[in-house]
Amino acid sequence: MRQKIFLFISFFLVHTFSGYTQEIMNQTLRGVVVDQETQIPISGVNIVLTETDPQQGTISDENGYFRFENVSVGTQTIQASYIGYKTQIIDNLIISSAKEKIIKIELEESVTEIDEVVIKATVRKDKPMNKMATISARSFTIDETNRYPGSYGDPARMAANYAGVMSVRDNRNDIIIRGNSSTGLLWRLDGVEIPNPNHFAASGTTGGPITILNNNLLTNSDFMTGAFPAEYGNALAGVFDLKMRNGNNEKREHWMEFGYNGLEFGTEGPISKKSNSSYIITYRYSLVDIIDLLGAEVETTKYQDLTFKLNFPMKKGRLSFIGMGGTSYIEMFDSNDDQEDWSFENWGEDLSNGSNIGSLSLSYVHFFGTKTRLQNALSVYGSDVTTQIDTFYNDPTLIGNWAGEESSEVKASFTSHLNTKINNKNTLNFGVKFDRYFINFADSSINNGMFIVNTDVKNEQFNLYQAYAQFKHKFTNYIDLYSGIHFQFLDLNNSFAIEPRLGFNWTINPRNSFKMGYGLHSQTQLRVIYFTQTRMSDGSYIYTNKDLDFTKSHQFVMGYDHSFSDNLRLKLETYYQYLFDVPVSKNQPQYSVLNYGAEYFIEREDYLANEGTGENYGIELTLERFLYKNFYFLITSSLYESMYKSTDGIKRNTAFNGNFAINVLGGYEIPLRKYNAFIIGLRTTYAGGRPYVPYNVQETIAQRQEVLDWDNAYEIRQDDYFRINLRLGIKRNKPKYNVEISMDLQYRTNYTSVYEHRIDPLTGEIYHNYEMALYPMANYRIQF
């Protein structure tokens with residue numbers, strides 16, 4: 001391992017200090033200017049590159065487009081001003097040699113009706129793209145998913161650095177938001193809900209080991225952690241509202257990437273230059289599978305994915321067609337190993353898991369004049385999971401246990417959003433969403449010779465209806481009020497929920513602001529839970545969960561922001577969440593679905609009732625310096641409690657109640673000559689150990705299967721967690737291409753990252769499986 005790291009660093013040094021070009025390199029910077037609320041293009045906007053000598057200026061055309069030729073490679077600052085709108089300044093635009101820089105500038109209309117608006121503001125890097133979001137929301141750039149140590153180009157892993165957010169475990173990207181289950185996270189892409197966008201996903205989960213999302217195709221997006229606007233429904237924990245960029249409509253550009261996420265090829269360019277239509281597409285193949293094809297003996301771990309977007313501008317709108325799909329399969333067979341390498345001393349386990357997901361959406365945005373925008377979308381997504389676990393013993397008289405699953409879901413949706421700006425003070429949004437589900441669940445097991453069927457559903461269909469309305473009023477340029485309401489109805493059992501939302505923002509002065517938010521949020525249960533079966537004494541099965549209502553959550557948030565400068569800010573938020581109508585078990589008084597997501601597999605528990613409650617409350621602090629003069633850092637800390645009550649009425653820790661989390665990360669890009677940089681980044685995480693349910697050793701041995709000690713549920717904690725990530729890299733700009741090489745070194749001190757606890761049912765011995773202490777991951781990307 002040390003030799004590999006030494007060789008990689010040597011390659012860094014050779015690649016860094018050899019062959020620098022002295023040639024002057026320029027690139028095109030272009031984009032479009034739109035109204036912040038309606039997204040309708042604005043013509044006649046004055047746009048200036050403020051750091052060029054002499055300054056360059058231009059004016060947006062009748063379609064809102066602007067263009068600068070021969071912009072020097074490096075960082076640039078752009079200023080946009082227009083009568084009746086606040087002047088916007090965007091700094092630290094990174095211009096590279098191989099790709100044109102295409103941006104969108106959003107101007108905010110001023111409440112003060114004067115000829116010239118003199119208010120100037122540098123665009124806040126964290127300000128959410130959705131202007132209805134007043135609190136517990138921030139935007140993030142794709143540069144950050146690449147820049148942050150340990151993020152691996154994955155939005156979910158990047159978000160784990162934010163206040164109030166923690167990873168479930170290191171080898172997956174499921175995230176815990178303010179103590180909530182990871183199953184409460186909503187994923188959207190260009191306004192359309194998508195399934196769990198990860199390889200090796202289990203039924204009902206929202207994460208996985210490797211993301212299908214490709215950061216080369218994404219643009220600035222939003223992440224929300226509570227009290228989110230009314231347009232987001234059927235989620236309790238948070239929202240990823242992702243945006244996919246359009247391909248270059250003038251020039252063909254390509255890239256190739258090889259590293260921790262596999263071997264990737266991508267291309268973009270115009271479909272028709274006359275119509276400004278474009279395409280962007282990328283394909284990725286498993287790195288481990290490539291090694292296997294070369295003849296090396298490795299575990300069977302296969303995955304591949306494809307993502308694309310076709311964009312067709314029209315006279316009064318645009319049409320987009322987006323597709324995303326991935327397939328994955330893994331085998332971990334003890335039967336292929338010698339006995340000393342089995343999972344346990346006297347018995348082994350063969351596990352295989354395969355998952356596939358696909359999503360297609362056709363979206364049309366139409367502009368009615370300069371005030372109203374309508375977006376309609378038809379979409380369909382599907383996912384399936386196949387899992388098989390088989391056990392075997394070295395004693396032929398013992399019969400092994402077995403478990404298997406073949407599950408699939410397909411959802412067809414129609415979504416419509418209407419946005420209208422009544423005037424410069426008032427904005428109104430409406431929307432409806434219709435989901436049609438087609439599900440098949442088959443999940444069974446053999447334990448100690450008894451065959452049990454947990455689910456057996458074929459071609460079940462039902463609908464979920466959602467609607468919302470939201471309104472934003474600006475009293476002045478500094479005070480605005482948001483209100484909204486969301487409604488949803490599930491015809492599977494005729495349950496419904498009405499959810500009010502409120503938000504308030506007061507910009508006290510250019511450096512300080514105060515915010516408040518409230519939302520009632522509700523979520524259906526995981527589909528597989530509705531169809532979990534109960535075995536009767538005569539051998540028949542009935543559904544005991546099918547009438548479950550929505551789980552609901554009152555969420556209150558209050559926050560304060562202080563900007564020390566345009567690139568340094570302090571944020572403080574405190575929150576309280578009260579969850580009710582939570583499904584809990586009538587048979588197991590300590591059981592609650594609020595703990596779903598703590599393990600890889602979602603338990604099939606029957607006889608659930610909406611009688612449980614939960615509480616999450618805490619305080620979060622963020623100190624952030626955005627990239628400026630080649631340096632950035634992010635410091636976040638969270639103190640929180642996450643508790644629940646089940647049918648016995650006792651308040652307990654949830655599985656996610658770590659009590660505290662601290663993240664410190666930063667980085668510096670050391671300039672090398674004029675167009676190159678050496679990158680160094682460091683991240684440290686220190687978090688409280690999470691509670692878990694221990695094993696009942698005596699009953700486990702007696703029943704020869706895992707038995708949990710529910711009497712001590714979530715009273716025992718794992719050790720506190722500490723992790724360090726070091727990121728090293730180089731960026732090189734050449735006249736026709738640019739290259740980025742990086743390596744992430746992940747170190748978990750004292751092996752404190754416990755992947756899983758397992759017990760040997762024959763001996764009662766408990767095994768703690770740890771993740772690797774030192775884990776290097778390298779990546780190479782070329783754009784041309």
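In which sense do strand 1 (residues 26-35) and strand 7 pair, and over how many bridges? They pair in the parallel sense, over seven bridges.

This is a predicted model: local features need pLDDT of at least 70, side-chain atom pairs count only at pLDDT 80 or more, and totals for chains, interfaces and linings use all residues. Residues are numbered from 1 along each chain as its sequence is written, and side-chain values use heavy atoms, without hydrogens and water.

**View 1. Three strands form an open sheet in the order 4-1-7.** The pairing is mixed. Strands are DSSP runs (E, at least two residues; helices are H or I, at least four), numbered from the N terminus. Two strands pair if DSSP finds at least two bridges between them. Strand 4 (65-72) and strand 7 (101-107) are the edge strands. Gly31 stands opposite Ile103 in strand 7.

**View 2. Lys99 and Glu253 meet in a salt bridge through their side chains.** The N to O distance is 3.0 Å. A salt bridge puts a side-chain nitrogen of Lys or Arg within 4 Å of a carboxyl oxygen of Asp or Glu. Lys99 lies in the loop between strand 6 (87-95) and strand 7, and Glu253 in strand 18 (residues 253-259), so the pair ties together parts that are 154 residues apart in sequence. Both residues are buried (under 20% relative accessible area, 1.4 Å probe, protein chains only; exposed is over 50%, partly exposed in between).

**View 3. Arg501 and Glu499 also form a side-chain salt bridge.** Here N to O is 2.5 Å. Arg501 is buried, at 1% relative accessible area. Glu499 is buried too, at 0%.
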